[in-house]
Amino acid sequence: MIDLIASRITALSTPAPNRLQKLLQTLLRGERPYMLYIAFVVLLIVFSLSSPWFLSVDNFMNIGRQTTLVSIVAVGMTFIIIARQIDLSVASTLALSGMAAALAMANIHNHWIVGAGAGLGTGALVGLLNGILTTQLAIPSFLVTLGTLSMARGLAMMVTNTKPVIITNETYFAIFGEGSFLGVPAPIAWTLASTIVGILLLHYNIFGRRIYAVGGNPTAALYSGIRTRQVTTLAFVLTGMLAGLAALVLSARSHAARPDVVQGMELDVIASVILGGCSLFGGRGFILGTLLGSLIIGTLNNGLVLLGVSSPMQLVIKGAIIIAAVAFTKR
């Protein structure tokens, strides 16, 4: 404790030019989170100067709504990647969870709690399956979730023969899609709630410390008494539940559930987490960085649309920027 206080006093007593010099050296080395902040500010400046419609409250609210699904699921993906795993099935889990919520309200009881329970429960079950297959059978999570990606999407199409399921519950729409909480649109409010819960679990809870330990050194974590299989499985379950929550938001906004929605969304989710500072080798990452990574991708998509860039070129530019960002902020 004395050494820590002494180091703090030394840091505060360091002349301002020296501290500025250290900050510049950090920026030049391309270390996170500074480069991430700079990238976001640069995007805001470029698009603000390029489009008169970009710098407006309505457009920023639109970006928030557009990034809701990716941001919510990316919170869970942060836990998985820190734990040195990956989940490719989140988009299919979202589609299946949305169908489960809609079917439950259509056939069991047209109440929003029934739909919410079915959606979240379905997501949790898919996550549990991913976790058990990965930890108990020692199959790489890449292969496990590649399989469940196909299975979940297939089930979502089978249950209604690829037809959408209409939702009619007005309370469901208000809570998850069209209402607001203290003036904040419901989708953005659910994003903030997911982020806060993620921060509390990862940074202020023993579960989060165990996630870091499992991802940093699984063998050492196991010998220190951490149930690595249980921790990893819970990370998958959490991600599945958040995919279920994203399904509730999407179906409430669309007034229906469709089995073919958000195909390929898992790539944006993984990109957001990696841009946000997580290491694919595990043991490193933070929730606010993930949220910022998601906002960067959402801002990029929004700005390119406002500039009238064609869809194929948008994909090229987005891919190039993601590669460049990761290259500048690598280990």
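Is Asp260 buried, exposed or partly exposed? With a relative accessible area of 34%, Asp260 comes out as partly exposed, a label that sits between buried (under 20% relative accessible area) and exposed (over 50%), using a 1.4 Å probe and protein chains only. The model here is predicted, so local features need pLDDT of at least 70 and side-chain atom pairs count only at pLDDT 80 or more, while totals for chains, interfaces and linings use all residues. Residues are numbered from 1 along each chain as its sequence is written, and side-chain values use heavy atoms, with hydrogens and water left out.

Asp260 has a partner. Its side chain meets that of Arg258 in a salt bridge, at 3.2 Å from N to O; the term asks for a side-chain nitrogen of Lys or Arg within 4 Å of a carboxyl oxygen of Asp or Glu. Arg258 is partly exposed too, at 40% relative accessible area. The structure holds 1 salt bridge.

Now for the overall layout. The chain has 16 helices and 4 strands, taken as DSSP runs numbered from the N terminus (helices are H or I with at least four residues, strands E with at least two). Of its 331 residues, 47% count as buried. A contact means heavy atoms within 4.5 Å, and among contacts with a separation of 6 or more, 76% come from residues 24 or more positions apart. The accessible surface comes to about 16,500 Å², and 69% of that belongs to carbon and sulfur atoms; such areas come from the Shrake-Rupley method with a 1.4 Å probe, and for residues only the protein chains shown count as cover.

On the inside, nonpolar cores turn up, meaning sets of buried Ala, Val, Leu, Ile, Met, Phe, Trp, Tyr and Cys residues joined through side-chain atoms within 4.5 Å. The largest has 62 residues, and Phe79, Tyr172, Phe176, Ile211 and Met265 touch the most other members. Helix α13 (residues 228–254) gives the most to this core, with 13 residues. A second, separate core of 10 residues includes Leu36, Phe40, Leu43 and Phe54. Setting aside residues up to four places away in sequence, Tyr172 touches a list of residues including Trp112, Ile167, Ala247 and Leu248.

Thr78, in helix α5 (residues 68–82), is buried at a relative accessible area of 0%. Beyond its neighbours within four places in sequence, Thr78 is in contact with Leu202, Val273, Cys278, Phe286, Ile287 and Thr290. Ser272, in helix α14 (residues 265–275), is also buried at 0%. With neighbours within four places again left out, Ser272 contacts Val70, Ala74, Gly289, Thr290, Gly293, Ser294 and Ile297.

Helix α15 (residues 287–306) has 20 residues and reaches 29 Å from its first C-alpha to its last, close to the 28 Å expected at 1.5 Å a residue, with one less than the number of residues counted. Because 15 of its 20 residues are buried, α15 is largely enclosed by the rest of the structure. Just after α15, Gly308 takes a positive phi of about 75°.
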